[in-house]
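The sequence and the model are shown below.

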Amino acid sequence: MSPDEHDPHAHAHTHDHDHAGSTLSEMQLRVRALETVLTEKGYIDPAALDRIVEAFETRIGPHIGARIIAKAWNDPAFKERLIADATTAINQAGTLDRVGEHLLAVENTERRHNMVVCTLCSCYPWEVLGLPPVWYKSAAYRSRAVIDPRGVLQDFGVALPQETEIRVWDSTAETRYIVVPRRPPGTEGWSEAQLAELVTRDSMVGTGLAKAPAGAAR
């Protein structure tokens, strides 16, 4: 009989050493194993996968949406076109990254605050905001955003006057939304680059406000 059969802890001890010093979580190890199997079967190309990951990490993100909002703040004609047809306005601007179809822009005003959710899954305007945050995909946010949007905003530290209407937009696979937050006062004469520093991801989802001028260098 082998030593392992005599010692019920022998296999567990050996297994522990397999990952000794590994910095990967259990989920990361599973993803790595799945990637290996799919690569060996020829279902995915590792190089193409690396390019996609790099794009999300370096080229796609909230900074793209921030540039769009900053341009809308500085260019009333562009903002009008953005609200009318966000996809066309962005793609015809020439100086902005192109986006796919079905992107809609909704503008916050003194009387109305907009908030975006996806009640079915986690549809998100990744082309302009990057990967969705964990809370956006959570069941708690997806349900409470519709039932108690004011309470959700308070959880995010946003307290709006009672007279401000809160409108919740439900994203789908066909339609994604980006919120145009209110421009902070005291930013007259700022360049688009300076204004973009004030635009946060949460402000473009509607769970936050644009930063005050004191929060960014002029």
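## The largest pocket

In this predicted model, the lining of the largest pocket is made up of nine nonpolar, four polar and seven charged residues. The volume of this pocket is about 380 Å³. Its lining comprises 20 residues, among which Thr109, His113, Leu160, Arg182 and Leu209 are the closest to the centre.

Helix H5 covers residues 62–74 and helix H6 covers residues 76–84; their axes lie 5 Å apart, and the packing angle is about 125°. H5 is therefore oblique to H6. On the H5 side, the contact involves Ile68, Lys71, Ala72 and Asn74, which meet Pro76, Phe78, Lys79 and Leu82 of H6. Classified by type, the residues of this contact between H5 and H6 are five nonpolar, one polar and two charged.

H6 also packs with helix H7, which spans residues 86–93: the two axes come within 5 Å and cross at roughly 135°. H6 is therefore oblique to H7. Here Phe78, Arg81, Leu82 and Ala84 of H6 meet Ala86, Ala89, Ile90 and Ala93 of H7. The contact of H6 with H7 contains seven nonpolar residues, no polar residue and one charged residue.

## The surroundings of Arg176

Arg176 belongs to strand S4, which runs over residues 176–180. Which residues does Arg176 contact, leaving aside its neighbours within four places in sequence? They are His102, Leu103, Leu104, Cys123, Tyr124, Pro125, Trp126 and Ser171.

Arg176 and Cys118 are 58 residues apart along the chain, and the separation of their C-alpha atoms is 9.1 Å.

## Confidence in the model

The average pLDDT of the protein is 85, and 83% of the residues score at least 70. Over residues 1–21, in contrast, pLDDT stays under 50. For this stretch the model has three contacts beyond four places in sequence. Where pLDDT is low, the predicted coordinates should not be read in detail.

How values were computed: Residues numbered from 1 in each chain as written. Predicted model: local features only at pLDDT ≥ 70, side-chain atom pairs only at ≥ 80, totals over all residues. Heavy atoms only, no water. 1 Å grid on protein atoms, 1.4 Å probe; cavity = no way out; pocket = protein on both sides within 12 Å on 5 of 7 lines; lining within 4 Å. Points joined across faces, edges and corners; volume = space filled by probe spheres on them. Nonpolar A, V, L, I, M, F, W, Y, C, P; charged D, E, K, R; others polar. Axes fitted to C-alpha atoms, helices over the stretch in contact; angles between N-to-C directions. Helix = DSSP H or I, 4+ residues; strand = E, 2+ residues; numbered from the N terminus. Parallel < 35°, antiparallel > 145°, perpendicular 65-115°, else oblique. Contact = heavy atoms within 4.5 Å. pLDDT = per-residue confidence, 0-100.
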